[in-house]
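Keep the picture open as you go through the points.

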Amino acid sequence: MVSSKSNQQGHSWTLALMVTSTAIGGTFQYGYNLAIMNAPTNFIQGFVNDTCRERWDVQLEDYQVTLVWTIIVSMFSLGGLAGALIAGPMTIHFGRKKCMLLNNVYLMSAALLALTSRAARSFEMIIISRVLVGINAGISMNVQPMYFGESAPKHLRGAVSLSCAVFTAFGVVLGQVVGLREILGSEPYWHYLLASNAIPGFIQLLTLPWFPESPRYLLIDRGDKEACIKALRRLRGCEVQAGELDEMLQEQAQSSGVRPSRPWELLADRAHRWQLLSVIVISSAMQLCGNDSIYLYASYVFKEAGISVEKIQYITIGTGTCEFSACILCNLLIELKGRRFMLMGGYILMCCWAVVFTIALSFEHVVSWMPYLSMTCIFTYILSFGMGPAGVTGVLPTEFFSQTARPAAYMIAGSMMWINLFIVGMLFPFLVSSLGQYCFVPFAGVCLLSAMFVGFFLPETKGKTLSEINSEFNKLNFKGQQEKSLSPAQYQLGEVGLSTSL
């Protein structure tokens with residue numbers, strides 16, 4: 001049954017539980033697997049050195065051990081890039097839910113390799129494990145927001161999609177806690193720490209099969225209207241509203257007979273030029289803004305502030321808690337303030353705090369309280385990131401692109417995110433060594449340019465349908481051609497004639 005009452009409201013825990021089940025084995029893993037690598041750094045480096053000495057009777061130099069460690073860490077980003085590239089085809093062939101379930105094959109394989117690497121005396125198994133974990137994260141970072149955006153009602157679309165960032169931040173916090181020396185962050189247990197990511201995966205495997213597939217996927221990709229209505233009824237907790245179903249049927253009609261776009265076809269499509277450019281810029285800025293780097297720089301600043309090495313691990317948990325709290329707040333505000341406001345506000349605040357951070361680092365040996373200002377900047381920088389870019393970025397591809405273009409758009413956005421994460425991770429040590437206290441000036445520039453791009457070119461998408469959003473972008477995609485193709489009478493009627501430009 002389909003209800004014609006547009007104001008009918010339902011109350012269902014199914015959507016909330018589906019979000020939790022998907023995210024705990026999805027973007028949660030991204031944050032968790034980033035955080036758990038900090039605690040065992042020295043132990044794994046010692047393991048690498050001991051293994052080489054046992055195999056070849058060779059004592060590695062410090063730079064050689066550091067090189068192997070860098071490879072172990074960077075494999076996560078390269079695996080993530082691979083995952084982002086295969087996520088699109090997987091969602092097309094298997095669907096959103098089944099893709100998330102199959103993604104656990106990579107995770108469980110990685111956990112098994114990490115768990116047995118110590119007994120096998122093989123650091124190569126750790127490298128392979130990190131590649132597989134990266135693939136898992138790359139797939140989930142693309143598929144999860146797509147699944148959420150297609151399953152949530154229009155008035156909750158931003159908040160539900162933003163839960164991806166909330167669970168990422170929660171993963172960081174929990175990874176920092178589990179990595180404490182008192183839990184699994186000590187020398188005898190580091191291999192258990194690396195394999196602990198299997199537990200959230202098991203939770204997802206046990207719970208996610210009970211929830212429905214994306215209604216849009218069922219209707220538009222599979223053509224199963226009855227399954228779509230059934231899924232909508234479960235997710236909404238009420239009868240399906242005619243307006244919501246009509247919107248999906250309209251998109252189905254537009255997509256009828258059209259195969260899913262490939263990334264290179266999307267890049268060449270003028271009708272999606274500014275949508276794709278916006279996604280590329282915002283996805284790249286999310287990594288180039290330096291938020292992940294400031295996590296790396298935190299230990300140094302805390303040492304300069306006089307915090308003992310033993311206590312730094314506890315204070316570092318505060319950085320993850322900051323982002324977690326900010327993402328929850330952003331989740332509450334995104335449908336009230338809109339996407340543009342949250343993105344612009346986040347980047348402008350980050351730019352300001354990067355400038356203050358640079359000033360504090362420049363005078364930390366002159367003014368006694370400057371190191372404490374540096375600590376404050378770390379927390380406020382992360383708070384600003386969590387309030388906007390961390391969550392809003394993943395929402396945009398779902399709102400900008402149709403069902404046939406969405407997988408390719410997420411492949412491109414995910415690839416840009418992982419490539420830039422790899423670049424920043426490799427370049428940051430050189431920025432610190434060459435620029436010193438000015439190492440965050442480039443990040444301030446990225447934040448400022450990103451805020452300007454959002455302010456000038458990004459339309460607000462809150463509460464709008466796909467056709468309304470595309471109409472906004474078409475003013476940029478076909479700028480000039482519309483003016484030539486429209487007569488004065490058509491301007492007065494407000495019609496848009498794009499037939500000649502298409």
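Keep in mind that this is a predicted model. We'll start with the loop that holds Thr404, which sits between helix H20 (389-400) and helix H21 (406-435).

- Is Thr404 buried or exposed? Thr404 counts as buried, because its relative accessibility is 13% and the cut-off for buried is under 20%.
- Leaving out residues up to four places away in sequence, Thr404 touches Ser255, Val258, Arg259, Pro260 and Ser261.
- The buried residues of H20 include Pro389, Val392, Leu396, Glu399 and Phe400.
- You can check the length of H20 yourself: at 1.5 Å a residue, its 12 residues should span 16 Å, and the end C-alpha atoms are 17 Å apart, which agrees.

- The largest nonpolar core has 57 residues. Inside this core, the residues with the most contacts are Leu266, Leu343, Tyr347, Tyr381, Phe400 and Phe401.
- Which helix gives the largest share of this core? That's helix H18 (residues 339-362), with 8 residues.
- There's also a second, separate core of 56 residues, and Phe28, Phe47, Met141 and Leu208 are among its members.
- Back to Phe401: setting aside neighbours within four places in sequence, its contacts are Leu266, His272, Gln275, Leu276, Val279, Arg406, Ala409 and Leu466.

- Met90 has its place in helix H4 (residues 62-94). Met90 is buried because its relative accessible area is 12%, and buried means under 20%.
- Not counting residues up to four places away in sequence, Met90 touches Gly95, Cys99, Leu102 and Ile139.
- Take Met90 and Leu102 as a pair: they're 12 residues apart in sequence, and their C-alpha atoms are 9.3 Å apart in space.
- Val73 lies in helix H4 too, but Val73 is partly exposed, at 36% relative accessibility.
- How many residues apart in sequence are Val73 and Val131? They're 58 residues apart along the chain, yet 9.3 Å apart in space, C-alpha to C-alpha.
- Now look at Ser415, which is in helix H21. Ser415 counts as buried at 9% relative accessibility, and it touches Leu81, Ala84 and Leu85, leaving out residues up to four places away in sequence.

**Helix H1 and what covers it**

- Helix H1 (residues 14-24) is mostly covered, with 8 of its 11 residues buried.
- Those buried residues are Thr14, Leu15, Met18, Val19, Ser21, Thr22, Ala23 and Ile24.
- What covers the buried residues of H1? The cover includes helix H2 (27-35), helix H5 (96-102), H7, helix H8 (157-178), helix H10 (198-207) and helix H12 (225-236).

**A cavity inside**

- Rolling a probe the size of a water molecule over the atoms shows where empty space is left.
- Searching the whole structure turns up 1 cavity of 30 Å³ or more, and the largest cavity holds about 40 Å³ of space.
- The residues that line the largest cavity are Asn33, Ile36, Met37, Ala110, Ser129, Arg130, Val133, Leu194 and Asn197.
- Sorted by class, this lining has 5 nonpolar, 3 polar and 1 charged residues.
- Helix H7 (residues 123-151) gives the most to the lining, with 3 residues.

**Two residues with positive phi**

- Most residues other than glycine have a negative phi.
- Asp57 has a phi near 55 degrees, a positive value, and it isn't a glycine. You'll find Asp57 in the loop between helix H3 (41-56) and H4.
- Asp57 counts as exposed because its relative accessibility is 66%, and the cut-off for exposed is over 50%.
- Arg121 isn't a glycine, but its phi is positive as well, at about 55 degrees. Arg121 lies in the loop between helix H6 (104-120) and H7.
- At 27% relative accessibility, Arg121 is partly exposed.

Definitions and conventions:
Residues are numbered from 1 along each chain as its sequence is written. This is a predicted model: local features need pLDDT of at least 70, side-chain atom pairs count only at pLDDT 80 or more; totals for chains, interfaces and linings use all residues. Side-chain values use heavy atoms; hydrogens and water are left out. On a 1 Å grid over the protein atoms alone, a cavity is a set of points where a 1.4 Å probe fits but cannot get out, and a pocket is an open set with protein on both sides within 12 Å along at least five of seven lines; lining residues have an atom within 4 Å of a point. Grid points are joined across faces, edges and corners, and a volume is the space filled by probe spheres set on the points. Helices (H or I, at least four residues) and strands (E, at least two) are DSSP runs, numbered from the N terminus. Ala, Val, Leu, Ile, Met, Phe, Trp, Tyr, Cys and Pro count as nonpolar, Asp, Glu, Lys and Arg as charged, and the others, Gly among them, as polar. Buried means under 20% relative accessible area, exposed over 50%, partly exposed in between (1.4 Å probe, protein chains only). Contact means heavy atoms within 4.5 Å. A nonpolar core is a set of buried Ala, Val, Leu, Ile, Met, Phe, Trp, Tyr and Cys residues joined through side-chain atoms within 4.5 Å. The expected span of a helix is 1.5 Å times one less than its number of residues.
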